Amino acid sequence: MALDPNWSAPQHLSFAGSGVQHVAIAAMDGVVHLVWTRDRTIFHASLAGGEWSPAARVATGDRPALAASDAGSLVCAYTNVFLGNREVYVVTWDGARWSLPQPVSHTTGGSYDPSVCLGSDGIIHLAWADTTPGESWIYYAARRNGAWTNAPVPNGRGSRPSIAANGGEVNVAWQDRSPATGRYDVLAAARHDGEWTLPNLISDAPEVHSLFPRIASSTRGHCHLIWQEERDQVYVIRHADHWPLGWTAPVDVSDPAVDARLAHALPNRYGLFQFIWLEGALLKHRVRPGEPNAAWWEPELACDECGDVSDLAATLSPGDGQLHVVFGRFAANGARDLFYTRRKAIERKKTFLPQISN
């Protein structure tokens with residue numbers, strides 16, 4: 001498979017320094033925002049007019065998650081240890097500087113792996129894993145009218161949550177270890193009008209691990225989920241989407257003969273979903289329309305020298321539709337450096353109707 005000409009060559013972001021971890025990326029108002037962790041400190045840089053800004057310190061902490069809205073809001077959630085307990089914090093960007101950190105979790109247990117999104121109504125939605133109940137449980141928080149509220153998701157035992165919101169609906173996916181098999185499954189639940197549905201078991205392979213779900217929803221109400229699933233000593237990228245009658249049966253997205261990881265799902269301005277993942281030493285990209293039973297487009301090759309990638313994050317520019325991808329790659333000294341690549345906007349396929357004449 002040849003490199004796709006719509007992708008740029010990877011650019012080394014030397015301003016990030018060496019030893020980069022936990023990258024996150026989001027775009028709004030024609031600007032791409034990037035955050036990462038180095039030495040338990042979160043840094044920020046932005047790309048505008050083809051030029052990256054210098055790196056600037058955001059806060060002390062790790063595991064940053066980043067979200068932006070078309071209305072111009074940008075929020076970063078992360079964790080930090082305070083008085084011996086790990087908590088979730090949030091900072092917001094005003095266009096020039098970051099706000100002071102706001103504590104969100106306020107729990108007695110440890111809070112881990114935050115995921116954040118902004119609803120079309122501007123509400124900030126957060127999910128994270130929390131040990132307050134005595135085992136890892138998924139918590140949900142939202143900021144409405146300037147105040148944060150949080151509570152555990154009912155029956156939401158698990159870890160590694162991913163959250164998406166569209167209008168009044170919030171969707172959360174996570175992984176949980178089955179008591180019967182000891183293997184991880186992927187589950188999801190939705191929140192409508194303040195009430196949570198029962199969790200749905202999405203993965204269909206109980207004898208193997210299903211890990212690291214990523215959920216995404218579009219303004220058209222389409223909800224798609226992607227994760228990595230163990231098979232024959234490699235991981236395969238799997239996909240399911242949700243409709244009024246429930247979740248569809250999972251299907252393979254990646255080549256099942258090659259180890260694949262670090263998958264992300266993103267809805268674009270045309271209602272198409274774009275998926276990016278690492279497959280062996282290759283960075284792959286694929287598109288699927290949001291509608292049910294839609295046909296997958298053929299995979300693209302974005303990068304063919306990514307065998308040492310450790311972290312991966314992606315975002316779509318709402319204005320021009322470009323896909324921006326950052327990833328950490330191990331350097332010769334064993335530390336991780338940061339790289340950036342982008343794809344031109346997907347062109348909407350046109351349908352030509354035959355002309356009938358008498």
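Two strands count as paired if DSSP finds at least two bridges between them. Helices (H or I, at least four residues) and strands (E, at least two) are DSSP runs, numbered from the N terminus. By these criteria, strand E3 (31-38) is joined to strand E4 (41-48) by seven bridges, and E3 and E4 run antiparallel.

The model is predicted: local features need pLDDT of at least 70, side-chain atom pairs count only at pLDDT 80 or more, and totals for chains, interfaces and linings use all residues. Residues are numbered from 1 along each chain as its sequence is written, and side-chain values use heavy atoms, with hydrogens and water left out.

## Strands E2, E3 and E4

On its other pairing, E3 is joined to strand E2 (residues 21-28) by six bridges, again in the antiparallel sense. Isoleucine 25 has leucine 34 in E3 as its bridge partner, and threonine 37 stands opposite isoleucine 42 in E4. Both connections are hairpins: two residues lie between E2 and E3, and two lie between E3 and E4. Seven of the eight residues of E3 are buried (under 20% relative accessible area; exposed is over 50%, partly exposed in between; 1.4 Å probe, protein chains only), so E3 is largely enclosed by the rest of the structure.

Strand E12 (residues 124-130) pairs with E13 in the antiparallel sense over seven bridges, and aspartate 130 stands opposite tryptophan 137 in E13. Seven bridges also join E13 to strand E14 (residues 147-157), and these strands run antiparallel. Proline 152 in E14 is the bridge partner of tyrosine 139.

The hairpin of E12 and E13 has six residues between the strands, whereas the hairpin of E13 and E14 has two. The table lists residues with positive phi in the hairpins described so far.

| Hairpin | Residues between strands | Residue | Phi |
|---|---|---|---|
| E2 and E3 | two residues | aspartate 29 | about 50° |
| E3 and E4 | two residues | aspartate 39 | about 55° |
| E12 and E13 | six residues | glycine 134 | near 100° |
| E13 and E14 | two residues | asparagine 145 | about 55° |

Asparagine 145 is not a glycine, yet has a positive phi. Asparagine 145 is exposed, with a relative accessible area of 86%. Histidine 106 is also a residue other than glycine with a positive phi, near 50°. This histidine lies in the loop between strand E10 (102-103) and strand E11 (111-118), and histidine 106 is exposed, with a relative accessible area of 59%.

## The sheet with E1

An open sheet of four strands has the order E1-E31-E30-E29, with antiparallel pairing. Strand E1 (11-12) and strand E29 (309-316) stand at the edges with a single partner strand each, so one side of each is left without a neighbour in the sheet. E1 pairs with strand E31 (residues 336-343) in the antiparallel sense over two bridges. Glutamine 11 stands opposite tyrosine 340 in E31.

## Cysteines and serine 69

The structure holds zero disulfides (pairs of cysteine sulfur atoms within 2.5 Å). The sulfur of cysteine 76 is 14 Å from the closest cysteine sulfur, in cysteine 117, which is too far for a bond. Cysteine 76 is buried, with a relative accessible area of 0%; cysteine 306 is buried, with a relative accessible area of 0%.

Serine 69 sits in the loop between strand E7 (62-68) and strand E8 (74-82). Serine 69 is buried, with a relative accessible area of 10%. Leaving aside neighbours within four places in sequence, serine 69 is in contact (heavy atoms within 4.5 Å) with Met28 and Leu118.
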